[in-house]
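The sequence and structure come first.

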Amino acid sequence: MMGKVPSFSPGSTVSSALPGYVALCLTLQVHRLVSAQFTVTGSDHAVTASLDGEAILSCHLSPRMSAENMEVGWLRSQDSEIVHLYRDGEHQYGQQMPEYSGRTELLRDDITNGRVFLRIHNIRPSDNGPYKCFFQSSVFYKDALLELQVAGLGSDPVISVEGHQDGGIRVVCRSDRWYSQPEAQWRDLQGQILPLASKNIAQEANGLFQAEIAVVITEESNQKVSCCVRNPLLNQERKTAISLAELYFPQDNPWTVALGVILPLMAVLMALASYCFWKQSRVKETLQSDKESEKDPKLPGEKHLSGLEDTFAMPHADSGAAEEVLCATHLPGFLSNLQSKGITD
């Protein structure tokens, strides 16, 4: 008995295997698409950069994979204009915003691990704001947002005194080149904030801010004050102090009062002493003249005249002697009293 030989049909074999091939291709394609998917991650916090300095913005792929054959770019997120573009292994500077020309640099040292950095040189106020970085492969695209905060620490405050106002002295403080808008205050010696007479904080044409604040200092107030201008983003400030007490509110000095009393007394003392010395010299001259007259012989008539002269001269001589005795006796005590009074007063 002969068994049956199974028949073989090529068409039936292909038709039965086709669904398997299709399923395999779809599986491979899905796996390829899944493996090509990624996410893009930027900095999880805002990047702060100083004026005229530089900023570095970073982005990376997850999971880790090479981005050498991908298109990588940085955009201003508000208008999607190109800050820097890298495609087909070359930097596409022709499509770059004019404001960033010559100021950007793409760091690709770690691009095989899907990490890139954008360096921006010579930071300006206009660089402040959001950015978008993206990676695009042949089948997939993803991006991430970042924030760049520009901060500028301005100039040291300049203080000027601008005359009288409301019974005091008006003092004005000015400082410029701040970014963003600063805080400005007048403080006293204890750090207490003083009320302002005026305040003006304005943005200039170059995007930077200028601060001008004024305060009125009275004689009764604390006359040593400081002007403080602060950048809240950097948490840093610049400060200048001034003391108005000596220049505009002079105080009575004890030595000045003492000199005001002593100098007039010394003038009186010197005048009195000069008078006494002059009087003593006159008396000595009179006595010397009298002695010489007694030694010279005179005629009787002359003696009679001499007697008359002596009669009239004696009161004068006695007066001069009395003044001499007065100066010699009472002047030292009087001077001592004046000096002690001038010193103690």
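A disulfide is here a pair of cysteine sulfur atoms within 2.5 Å.

## Basis

The model is predicted: local features need pLDDT of at least 70, side-chain atom pairs count only at pLDDT 80 or more, and totals for chains, interfaces and linings use all residues. Residues are numbered from 1 along each chain as its sequence is written, and side-chain values use heavy atoms, with hydrogens and water left out.

## Disulfide C59-C133

Two disulfides are found when the whole structure is searched. One of them is formed by C59 and C133, with 1.6 Å between the sulfur atoms. The torsion about its S-S bond is about -75°, so the C59-C133 disulfide is left-handed. Because C59 lies in strand β3 and C133 in strand β9 (residues 129-136), the pair ties together parts 74 residues apart in sequence. Strands (E, at least two residues) are DSSP runs, numbered from the N terminus. C59 and C133 are both buried, where buried means under 20% relative accessible area with a 1.4 Å probe, protein chains only.

Strand β3 (residues 55-62) runs antiparallel to β1, and four bridges join them; two strands pair if DSSP finds at least two bridges between them. In this pairing, G42 stands opposite C59. G42 belongs, with V40, to the covered face of β1 (residues 39-42), while T39 and T41 make up the uncovered face.

## Disulfide C173-C227

C173 and C227 are also joined by a disulfide, with an S to S distance of 1.9 Å. Its S-S torsion is about -75°, so the C173-C227 disulfide is left-handed. It links distant parts of the chain: C173 is in strand β12 (residues 168-178) and C227 in strand β16, 54 residues apart. C173 counts as buried because its relative accessibility is 2%. For C227 the relative accessible area is 0%, so C227 is buried.

C228 takes part in no disulfide; the nearest cysteine sulfur, that of C227, is 6.6 Å away. C228 is buried as well, with a relative accessible area of 2%.

## The sheet around β16

Strands β13, β16 and β17 form an open sheet in the order β13-β16-β17, with antiparallel pairing. Its edge strands, β13 (183-187) and β17 (236-243), each pair on one side only. Neighbouring strands of this sheet are turned by 15° against each other on average, direction ignored; the axes are lines fitted to C-alpha atoms, and angles run from 0 to 180 degrees between N-to-C directions.

Eight bridges pair β16 (residues 224-231) with β17 in the antiparallel sense. Across from C228 stands K239 in β17.

Definitions and conventions. Buried means under 20% relative accessible area, exposed over 50%, partly exposed in between (1.4 Å probe, protein chains only).
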